[in-house]
Amino acid sequence: MIPLCVPEIRGNEWKYIKECLDTNWVSSAGGYVDKFEEDFSRYLNIKKAVVTVNGTSAIHLALKALEIGKGDEVVVPSLTFISPVNAIRYLEANPVFVDVSRDTFVMDAEKIEEAITPSTKAILVVHIYGHPVDMDKIMNIAKKHNLYVIEDATESLGSLYKGKHTGTIGDIGCFSFNGNKLITTGAGGMLVTNNEEIGERAKYLSTQTKTILDNGGFYHEEIGYNYRMPNILAAMGCAQLEFIEEYIKIKRENALLYNKLLKDVKGISVPAEKEYAKNVYWLYSIIIEDDFGITRDELIKELKENGIDSRPFFSPVHKMPPYVNYRYLDMSVTEELAYRGINLPSSVGLKKEEIKIICDTIRKFNK
Ligand SMILES: Cc1ncc(COP(=O)(O)O)c(C=O)c1O
């Protein structure tokens with residue numbers, strides 16, 4: 001089976017993790033935690049990075065650090081992994097769902113303003129599958145309406161918007177190092193910001209708001225969270241980060257090869273890369289149009305029978321039971337993409353011959 005997206009481990013992972021085990025620094029203190037934060041912030045060119053136990057906790061912390069709470073509205077796409085929407089509800093704030101663009105699959109900036117009410121506090125953009133949202137437009141809307149911007153950049157690490165890393169343009173950016181992400185720590189996340197005060201606050205909240213007293217005892221001024229990442233995982237993160245540029249290069253080369261082999265196939269739309277964007281193509285994604293011959297779901301089944309893993313696009317969150325009663329605007333593009341979109345194998349270790357096999361197989365079902 002050619003898998004959808006699996007980790008690539010080819011560097012110092014064993015060495016750094018062994019060092020943690022050999023020195024007994026396995027938990028949340030230890031040099032790799034600080035090093036991973038420093039290396040990551042240097043890589044993104046941002047002032048502060050706070051490492052977390054996963055991407056969802058980073059988003060939760062981001063909303064909490066910006067004091068988003070009960071009854072506040074947060075504008076968010078429905079075509080996303082559910083995690084950012086759940087994080088909004090952890091704080092009893094309310095998601096308001098807006099539609100996405102047909103070519104980039106990400107939040108359509110033109111559709112945001114009509115979602116804004118006096119209760120709106122933030123826009124939570126999600127750069128799904130790797131393509132950046134049009135951030136200038138988002139930042140202008142946010143400025144005009146005095147809103148915070150949080151970037152869920154979990155799927156777009158390595159993508160650039162006008163030369164800047166996604167996740168570094170809004171007030172806070174969030175990343176995940178889950179096993180299928182561009183770099184992985186098994187599970188993990190990172191919150192980044194150029195606002196040092198917000199960064200300090202996020203770190204404080206993520207470490208049970210622990211203050212150490214003069215006598216070494218602990219004092220907690222408010223309710224905090226244990227969202228710390230263990231040193232062992234941070235060690236793995238440091239090793240993974242050493243190869244990130246190479247992984248990005250491979251992802252982009254693979255996407256170009258897919259594009260070349262699929263762009264002329266009737267009924268297939270290949271992913272966009274807007275003039276403002278450098279797309280990391282985290283999951284290489286295509287749209288199965290009516291004239292392809294078989295449906296997206298039939299194609300998924302056929303690919304599976306031919307030893308190729310693939311995945312349908314996200315199902316719209318506004319249709320999931322916990323969210324059916326929340327406000328949403330026109331969702332026609334979201335619903336269409338959810339019906340037509342498919343992610344193809346995208347591992348860094350994917351071989352060129354495998355891409356050819358995948359594309360030949362797809363072409364076979366093009367009726
Ligand atoms: C868009 C998006 N947001 C958030 C997350 C949550 O990250 P984690 O699984 O590390 O909590 C993921 C993926 O896992 C994701 O794809």
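Trainee: How many salt bridges does the count come to by this rule?

Mentor: The count comes to 29 salt bridges, each one a side-chain nitrogen of Lys or Arg within 4 Å of a carboxyl oxygen of Asp or Glu. Before we go in, keep in mind that this is a predicted model, where local features need pLDDT of at least 70 and side-chain atom pairs count only at pLDDT 80 or more, while totals for chains, interfaces and linings use all residues. Residues are numbered from 1 along each chain as its sequence is written, and side-chain values use heavy atoms, with hydrogens and water left out.

Let's start with Lys121, which pairs up with Asp72, their closest N and O atoms being 3.2 Å apart. Lys121 sits in strand 4 (residues 120–126) and Asp72 in the loop between helix 3 (55–65) and strand 2 (73–77), so this pair ties together parts 49 residues apart in sequence. Helices (H or I, at least four residues) and strands (E, at least two) are DSSP runs, numbered from the N terminus. How hidden are the two partners? Lys121 is partly exposed at 34% relative accessible area, whereas Asp72 is buried at 12%. Here buried means under 20%, exposed over 50% and partly exposed in between (1.4 Å probe, protein chains only).

Next come two more pairs. Lys111 bridges to Asp108, with 3.6 Å between the closest N and O atoms, and Asp108 is buried too, at 14% relative accessibility. Then there's Glu113, whose side chain meets that of Lys144 at 2.8 Å, N to O. Glu113 belongs to the loop between strand 3 and strand 4 and Lys144 to helix 5 (residues 135–145), so this bridge ties together parts 31 residues apart in sequence. Glu113 is partly exposed, at 32% relative accessible area, while Lys144 is exposed, at 61%.

Some bridges share partners, too: Arg102, Glu289, Asp290, Glu336 and Arg340 are joined into one network that way. Within that group, the side chains of Arg102 and Glu336 meet at 2.9 Å, N to O.

Now let's zoom out to the domains, whose bounds come from an automatic or database domain assignment. Domain 1 covers 13–241 and domain 2 covers 244–364, and their centres, taken over C-alpha atoms, are 25 Å apart. Across the boundary, 47 residues of domain 1 are in contact (heavy atoms within 4.5 Å) with 42 residues of domain 2. Four salt bridges are counted between the two domains. On the domain 1 side that touches domain 2, helix 4 (83–90), strand 3 (94–98), strand 6 (160–161) and helix 7 (231–241) each supply at least two residues. The largest share of that side, five residues, comes from strand 3.

Asn259 has a relative accessible area of 13% and counts as buried. Leaving aside neighbours within four places in sequence, Asn259 is in contact with Val270, Pro271, Tyr281 and Tyr284.
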